[in-house]
Structure formats: structure tokens, C-alpha cells
Amino acid sequence: MKTAINIKNISKSFPGVLANDDVSFDIMNGTIHAIVGENGAGKSTLMKILYGMQKPDNGTLKINGDIAKFQSPKDAIASGIGMVHQHFMLVPTFTVLENVMLGNEGSMLLKSGQESVLERLKYLSKTYGLEVDFEAVISDIPVGMQQRVEILKALNRGAKILILDEPTGVLTPQETIGLFDILRSLKEQGVTIILITHKLKVIMNITDSVSVMRGGKVVADFSTDKTSPEELAENM
């Protein structure tokens, strides 16, 4: 199995805070990897570095074996990384299709461009089990469906590595089950998934591996089938 992401000696500080302290670990291609830790453990800063929102002070980041020096999320997207934020980045008054097209090259007003994106969305929806009404207005659809739109946005931009920040925090139990089905489908198609979460039950149900962060450091790495909620909680 190849390494999708290699994080080596990454450090990042802010005034009075060492957010990431010499962080190193690997994420294998086509796996679901959790990063767990309490608030302030350094999870969000590390993911912002991976998504080009922050620059590390030290260390190297490799994507599929190539050194990555991201200046912005645009660079991360070009390298096949997508991110679904905890608070969705959708325009409530736009349709699903219009939201997916936002930020794409070309004009949203061009009918040919819309038709091309719509055909690709239908393919992605069918392939990954991401059923959604493309003509629906975002404010009219439930939160779980909005999350699907965010995932479709990332996939439409070519994401092969997908970061999800606390993805179950806003979902009902039924929507959570649906999300798990989607993540398994993505994994089967070779997408690498990173889950930022503090929910140990989610980790045990859906992930292949997990890194525990505390005080800006990675303090433990586990194969999920070789650990337990109690051990994870103790390391947190």
C-alpha cells in the first residue's frame, strides 16, 4: 500500500502558542484515518496546513511521494486535496448545481458549462452513493444533504484526498449511518479520507487507523482494530 500523505517534523507556532510540535505520521492511500484529540490539541492547525490555509514553520509535507509547498487552498486542490469544513461553505439561496459550480473556471451563465458539470455530478453521485437533487435550493434541504453537496464539490474538483472536520457533529443518527455508507464507497474507489473527530464510537466504526494528538504533538498511532475506546481516551 502506497503512502498518500507523509507529514514529517511539522511545527507551527502562533504568539504564545505552539500549535504543532514536530508532528510526524503517514496516511496510507485508500484508507480512512482519524485524527483525534481534545480541543487545542493541534488537529485543526495541522489540517489547515495540509489544505494550504496555513504555512508550517518547519517540516515537510509530501503528497503521493512529492514534496508539497502550498501557498493557498488552490494549490492543495490542484494536488487532489478537498476539505469539508465543520461549518459548510455553501450559499443558502443558490441551488446545489450553482454551489458546486462556484469557483470553477468559466461562467455559471454558460448553459454548456452547466450541462457539463451536471453530467459529471450525476456520474459522481451514482458512483459514490451521493444522491441529491441538483436543482434544490440549499436552504430547502436537510443538513445531511448539504454535507453531500460539500463532498460533491470536492470530488468535482478532482479530490482524491478528502478531509472532513467533525463530520458527524451536525448529523442525525440516520444521517450518520448514511455518511458511513458514503465514506466506505469513497474508500472502495481509492479515495483517502481524513476524519477530524473526538467521537470515539465513530473512529471504531469507520476508520482503519488513528493518530492521537495532545498538546500539539502526536502521542500515539494505532491501527483501529488494535486499539479500543478506552486506550484512545487514555492517550487523549
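In what order do the six strands of the open sheet lie? The close-up views below, taken from a predicted model, begin with this point.

**View 1. The open sheet of six strands.** The strands follow the order β6-β7-β8-β3-β9-β10, and their pairing is mixed. Strands β6 (81-84) and β10 (217-223) form the edges, each pairing on one side only. From one strand to the next, the twist averages 20 degrees.

**View 2. Strands β7 and β8.** Five bridges join β7 (residues 161-165) to β8 (residues 192-197) in the parallel sense. Leu162 stands opposite Ile193 of β8.

**View 3. Helix α6 across the sheet strands.** Helix α6 (residues 173-188) lies across β3 (32-36), β7 and β8, and runs at about 145 degrees to β8. The buried residues of α6 include Leu179, Phe180, Ile182 and Leu183. Asp181 is partly exposed at 46% relative accessibility, and Arg184 is partly exposed at 37%. After the helix comes Gly190, which has a positive phi near 95 degrees.

**View 4. A salt bridge between Lys217 and Asp21.** The closest N and O atoms of this pair are 2.9 Å apart. Lys217 is partly exposed, with a relative accessible area of 39%.

View 5. Lys153 and Glu150 meet through their side chains (3.4 Å, N to O). Both residues lie in helix α5 (residues 143-156), about one turn of the helix apart. Lys153 counts as buried at 11% relative accessibility, as does Glu150 at 5%.

Technical notes. Residues numbered from 1 in each chain as written. Predicted model: local features only at pLDDT ≥ 70, side-chain atom pairs only at ≥ 80, totals over all residues. Heavy atoms only, no water. Pairing = 2+ DSSP bridges. Helix = DSSP H or I, 4+ residues; strand = E, 2+ residues; numbered from the N terminus. Axes fitted to C-alpha atoms, helices over the stretch in contact; angles between N-to-C directions. Contact = heavy atoms within 4.5 Å. Buried < 20%, exposed > 50% of the residue type's maximum accessible area, 1.4 Å probe, protein only. Salt bridge = Lys/Arg side-chain N within 4 Å of Asp/Glu carboxyl O.
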